[in-house]
Amino acid sequence: MADAGVEALTTFEQLLAGGLLAGLVFALVAVGLTLVYGVMDVVNFAHGEFLMLAMYATLGLALVGIGPLVGLPLVAIALFLFGVVIYRVFIRRLLAGPPEATVFGTFGLLVLLQGLAQSLFTGDFQSVPHPPFQGTLRLGAVALSQATLVEGIGALVLTGALFAFVEYTETGRAMRAVAEDRVAATLMGIDVQRVNALAFGIGAACVGAAGALLMLSFPVFPTAGASFALTAFVVVALGGFGSIQGALVAALLVGMLEVLGGYYLAPELKMVPVYVAYLAIVLLRPQGLLGRR
Amino acid sequence: MNAATSSGTAALLEVRGLSKRFGSLRALDGVDLDVAEGSLTGLIGPNGAGKSTAFSCIAGADKPTAGSVRFRGREIAGLAYHRVAALGIGRTYQIVQTFADMTVLEAVTTAALLRHPHLRDAVAYAQDVLAFAGLADKRYRLGRALTIADKKRLEVARALATDPSLLLLDEVMAGLTPSECHDAVGLLRRIIARGITVLMVEHVMEVLMPIADHIVVIAAGKTIFTGAASEAVRDPRVIEAYLGSPLEHREIAEHKP
Amino acid sequence: MHVRRLGALIVTALVAAAVSGPAATRAADAPEIVIGSVLPLTGALAQTGAGLRTAQQLAADLVNGHVSYPLPMVGKTGLPHLGHARIRLVFADSQGKPDQARAAAEQLITQEHAVALIGTYASSTTATASQVAERAGIPFLNPDSSAPGLTARGLKWFFRTTPHDGTFAENFYQFLGDLKKSKNIAVKRVAVVGEDGLFGTGAGDAEEAGAKKYGYDVATRVSYPATTTEVNAEVQRVKTSSPDVIFQASYVPDALLFMRGYKQQGVNVKAIFAQDAGFVDPNFLKAIGADAEGVFTREVFSMDIKYRNQAVPLIDQLFRQRSDGAKPLDGNTARDFMGVLVLADAIDRAGSTKPDAIRDALMKTNIPGKLTLMPWSRIHFDATGQNDGGAGIIEQLQDGKYETVWPFDVAVRPVVWPMPAWKH
Amino acid sequence: MRWHLLALGAIVVLGAAAAFGLRDAVTLDLFFTLLLYAVLGQSWNWISGYAGNISFGHAIFFGCGAYASALCVTHGLSPWLAIPAGALVAALLALVTGFPTLALRGHYFSIATIAVAALVDAFVRTQPWLGRANGFELPIQSGWAALQFPDKGPYVLLALALFAIVQLATIALERSRLGYYLRALRANHAAAASVGIDERRWKLIAFAWSATMAAAAGVLYAQYTLFVDPPSTIALAISIDIALIGVVGGIGTLWGPAAGALVYVVLAKGVALRIGGTGKGYDLVIYGAIICLIAAWKPHGIVGTVVDALRRRRGAADIPPGATGTA
């Protein structure tokens with residue numbers, strides 16, 4: 001009888017740890033999305049496809065001998081440039097249109113990028129050859145994947161760096177000014193288009209870093225990003241659109257809900273507590289967990 | 001002079017201790033005002049005094065943190081925005097809020113539907129209101145394509161079409177040329193003549209002075225003066241309040257009778 | 001190496017002869033018989049559909065050609081009983097969607113005047129397309145859908161050559177039974193794990209039913225969303241139910257997640273029985289490496305079974321040449337290849353393109369297993385239209401390669417039981 | 001308005017002639033699909049176009065109808081019963097989910113609809129009485145009582161009738177209190193409240209009607225396809241198709257959904273078949289590119305762009321009522 005109790009406790013500890021790590025992975029994917037939303041009020045529905053491109057880029061580098069961790073900055077830079085270009089030629093036009101234009105424009109981008117990936121890379125599931133960190137870390141009875149742990153640490157570093165950037169740098173302050181009031185920012189002499197492009201680029205760079213790290217434990221395929229994106233949207237809304245620390249808290253919450261719900265409720269219903277939490281939060285506290293106003 | 005005694009009727013609107021906080025910011029900190037039925041009451045105050053916030057709290061667009069708003073003796077503080085409108089309080093916005101893709105007639109018809117649920121009746125009533133407001137020849141224009149003066153006129157017409165007994169006008173003359181102001185004052189007089197009570201926020205004192213029965217001055221979220229317009233400009237509290245805002249102080253001073 | 005290359009050369013020459021040659025000259029006067037094929041040519045299943053199309057077309061070309069293989073109807077320059085009429089496949093796209101499959105079937109029947117239909121891979125599209133055929137009174141041959149319910153609908157015009165999920169589940173339990181006899185193993189509790197789509201649900205239901213029938217306890221049934229990105233809860237559920245074996249129906253990403261999860265959490269079972277799909281994908285094997293060693297999978301086809309038909313490697317070569325990714329013949333493509341031959345055989349025996357005649361001929365179909373590419377005893381339809389000679393095989397990943405281990409009489413390697421425990 | 005009625009009349013007459021005259025199953029199938037998507041697009045247009053709450057979960061209402069049909073038929077009840085039953089369930093679902101969510105704006109509402117649809121999908125997949133992932137296959141029958149026909153003609157007639165009803169309802173909507181209120185709410189919810197419009201009440205009414213229309217289309221779909229399962233009726237992909245039809249055609253316009261459905265059918269059946277047959281995703285590339293181009297350069301959709309052009313041609317900005325697609 002006592003054994004059963006101990007076992008149940010161990011299971012709970014394991015689920016807790018697994019849920020936290022899963023949450024950190026969600027945070028890793030969501031953090032870039034938060035920045036873009038906060039600054040320009042756009043939900044980039046092609047966010048998952050940016051992630052997918054980053055994963056393919058990481059794969060490409062791995063095939064020429066540059067591993068995911070070494071390749072990470074390269075992928076981040078590539079995605080930054082990609083983001084800036086996409087903003088300049090496309091997103092900027094959407095912002096000038098009616099509000100639904102950004103929703104459908106970024107959605108069209110999603111379809112386009114998935115199609116391109118399908119035609120360029122086929123629908124095959126591809127993984128980085130011999131990725132590092134494939135072992136297991138044991139803390140007492142709790143066993144954790146080293147790769148997921150590295151991804152989780154990456155999430156914390158990325159969130160911290162982005163937070164520091166937005167709070168303490170000149171450009172970050174300009175971004176916050178644009179987020180608060182676009183018109184006022186223009187009057188203050190801030191080049192809103194430049195700030196937007198930069199925010200979109202940095203958001204994409206975050207996704208680039210996330211994609212590189214995810215290749216430690218996931219295969220890439222044309223719809224690989226879509227699996228993560230839906231959770232990322234929920235995380236960002238839950239944390240409060242635009243709140244970087246909110247996204248981190250929300251991601252941890254979503255990870256816990258998904259894992260604990262999956263175990264104690266039913267695995268096929270594991271997304272139910274996540275969506276119910278989202279609905280409850282947006283109804284009772286529309287600004288999200290840590291969102292302002 | 002007191003509004004209630006001057007008109008000889010009970011106040012249509014009674015506001016007591018109206019307060020509104022946004023986080024730590026006290027936008028309103030105990031506003032009291034009365035609006036007598038059939039009167040035109042002016043609400044003035046320096047920038048940031050809380051005039052528009054007071055409007056929003058009276059109209060139901062914002063929920064006051066404390067205080068009471070009585071309309072025809074009924075407590076309406078905290079009531080849903082659309083319910084307040086349905087009770088008979090119409091309003092305009094300081095920054096014009098049009099229905100972007102609607103023509104002038106459609107926008108006013110939308111408002112008229114409150115009292116005339118059948119579209120045919122609502123359109124007919126809207127035509128009347130547009131003729132009254134002097135917008136009849138522009139009824140097929142898109143709201144967003146109008147001049148500033150016409151947009152403000154449209155706002156008034158839209159509010160009028162809901163058949164309000166109390167009309168809250170938020171700076172309907174701001175940004176108008178003198179001749180446009182003159183037209184607007186004409187419309188205002190016709191509105192009063194129709195028996196509609198008006199509470200208006202206005203910066204252009206020369207407009208407000210001759211037509212307002214009654215002035216309420218608020219500063220820093222508090223009512224500091226209630227009385228006739230001519231007394232307001234001599235009241236030391238009012239002058240002091242405006243000192244922080246030299247431009248408006250000058251405005252008041254210039255209009256000393 | 002040299003022998004293989006020589007073989008490929010010979011095969012190429014044979015195909016060139018089979019596809020051009022006399023057939024081309026006769027095309028003008030011989031009548032054509034149209035067989036309509038509904039396949040997922042666009043959409044999520046497009047890649048699979050492209051392979052199936054290639055396999056079916058290859059079969060049709062071989063029927064129309066004159067090069068003989070030990071396969072029914074191949075190399076007779078068309079259908080002899082119909083004046084060497086050639087068969088022509090007309091393809092229509094299902095997009096993998098039930099409503100599109102229905103429209104495609106209608107198009108083939110009304111516009112192309114197909115005398116019979118074949119297809120459609122996904123069980124949901126087969127359901128709708130076969131209803132159209134039923135209504136029109138046109139024979140429908142399904143070589144590749146595994147939902148058991150398809151042949152339980154009482155349709156008169158529906159024939160299925162492939163074994164279904166029920167058979168696959170039975171095979172696993174028969175395999176366990178055989179092992180009990182030969183090795184005296186002890187297995188009592190089974191965990192049934194699968195994605196929550198048609199694939200995983202269908203397989204899981206059949207495995208649960210099989211457990212009841214063969215006297216096993218279902219320790220847990222885990223059904224999860226196929227697009228999930230983590231399986232912490234699922235793995236814990238399996239672990240705490242302490243099963244002896246796991247039945248698993250997963251695609252590639254989720255198969256990887258589960259295998260890594262089982263390893264991390266030390267879920268040591270005697271066997272993991274996979275339902276093909278993700279577990280046999282070359283990319284899964286590459287990514288998982290030695291960690292999947294010992295996993296079993298059910299298969300409908302293998303290049304390496306004993307007593308196989310001599311045509312298998314030849315058809316494989318032909319197929320590789322025609323598929324742009326140079327992909328080998330696999331269970332899906334081999335089954336579709338055979339499906340065309342079964343139809344051609346029936347139409348030829350019917351000696352007519354009348355639907356009733358073809359249906360009667362299909363009901364009398366009896367092709368011995370050794371004349372197929374498949375590990376089946378025969379192709380012969382029971383009253384429901386299901387091939388009663390169908391059977392799966394079970395393979396085990398040994399030294400990085402899936403090897404046939406059951407049925408024992410066709411096995412090329414002995415079973416390794418239990419699977420190796422996780423090494424940390 | 002006269003022109004709208006004439007156009008609708010012409011479509012009905014031509015469609016009925018096609019339904020009776022044509023024997024070509026493929027053309028009739030295209031026509032049926034077109035009408036069904038036009039109905040779904042219009043249904044979406046009520047809540048997302050006129051009222052401005054962009055929904056990415058509309059397929060759940062379509063699913064209500066389809067599943068009602070499947071349940072009625074497999075339980076030996078008349079499929080005609082599925083029309084009121086499905087519509088009722090859909091309307092109730094709209095009221096229950098709309099009450100808390102319709103007050104949400106922008107992305108909050110859109111993501112909430114995705115969440116609600118995902119919950120419905122998860123629910124269906126766990127319920128044996130709803131067929132779980134296996135879905136339902138409807139047994140083959142024939143005749144008006146069974147709402148199943150061996151030929152396409154009657155299906156096209158039914159779809160045509162549904163389309164006509166939905167278009168007439170939308171014409172009526174544009175000329176009704178509800179229609180004016182929805183447009184006002186979409187344009188400026190605060191100003192709308194200031195003229196006494198109760199946002200939740202009117203949007204709930206629109207949402208319930210919208211759901212009802214989608215459910216009716218769902219019944220027709222189920223009776224036509226005779227197969228109902230989650231991926232083909234309630235999945236996110238179906239919701240997104242419906243939304244795209246609405247947007248490509250032009251949201252908040254009377255003929256937008258029909259135009260969008262036409263483009264969609266041409267794309268899905270034409271482009272996909274011609275160049276997508278390789279499995280290389282070229283169809284997705286073209287599809288995505290078209291959506292991107294419309295969003296960036298013609299964000300008001302096909303009909304919206306035409307309406308704007310008409311407005312410009314009529315000089316300055318004088319628009320007599322009924323001159324354009326929007327009342």
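Reply: Helices (H or I, at least four residues) and strands (E, at least two) are runs assigned by DSSP, and they are numbered from the N terminus. Residues are numbered from 1 along each chain as its sequence is written, while chains are lettered from A and ligands numbered from 1 in the order in which they are written. What you see is a predicted model, in which local features need pLDDT of at least 70 and side-chain atom pairs count only at pLDDT 80 or more, whereas totals for chains, interfaces and linings use all residues.

Chain A has a mean pLDDT of 89, with 98% of its residues at 70 or more. Within chain A, helix H7 (residues 182–187) has the lowest confidence, with a mean of 82, and helix H2 (residues 47–63) the highest, at 96. For the complex, the predictor gives an ipTM of 0.86 and a pTM of 0.89.

Next comes the way two helices of chain A pack together. Helix H6 (residues 170–180) and helix H8 (residues 192–214) of chain A have axes 10 Å apart and pack at an angle of about 110°; here an axis is a line fitted to C-alpha atoms, for helices over the stretch in contact, and angles run from 0 to 180 degrees between N-to-C directions. H6(A) and H8(A) are therefore roughly perpendicular to each other, since angles of 65 to 115 degrees are given that name, while those under 35 count as roughly parallel, those over 145 as roughly antiparallel and the rest as oblique. The residues of H6(A) that meet H8(A) are Thr171(A), Ala174(A), Met175(A) and Val178(A), and on the side of H8(A) they are Val192(A), Val195(A), Asn196(A), Leu198(A) and Ala199(A). Two residues are in contact when their C-beta atoms, placed from the backbone, lie within 7 Å. Sorted by class, this contact of H6(A) with H8(A) has seven nonpolar, two polar and no charged residues; Ala, Val, Leu, Ile, Met, Phe, Trp, Tyr, Cys and Pro count as nonpolar, Asp, Glu, Lys and Arg as charged, and the others, Gly among them, as polar.

Of the four pairs of chains that touch, chains A and D have the most contacts. That contact draws 36 residues from chain A and 31 residues from chain D. On the side of chain A that touches chain D, helix H3 (68–96), helix H4 (99–121), helix H9 (224–239) and helix H11 (272–284) of chain A each supply at least two residues, and H4(A) gives the most, with 16 residues. The residues on this side divide into 26 nonpolar, seven polar and three charged.

Chain A also meets chain C, with 26 residues of chain A in contact with 26 residues of chain C. Helix H1 (2–40), strand S2 (142–145), H9 and helix H10 (244–264) of chain A each supply at least two residues to this side, and the largest share, six residues, comes from H1(A). By class, the side of chain A that touches chain C has 11 nonpolar, 12 polar and three charged residues. Chain A and chain B, by contrast, do not touch, and their nearest C-alpha atoms are 9 Å apart.

His84(C), which is not a glycine, has a positive phi of about 55°, and it lies in the loop between helix H3 (46–64) and strand S2 (86–93) of chain C. The peptide bond from Gly119(C) to Thr120(C) is cis, with omega near 10°, and Thr120(C) sits in the loop between strand S3 (116–119) and helix H5 (123–136) of chain C. Another cis peptide bond joins Trp417(C) and Pro418(C), with omega about -10°, and Pro418(C) is found in the segment after strand S14 (401–406) of chain C.

How values were computed
pLDDT is the predictor's confidence in each residue, from 0 to 100.
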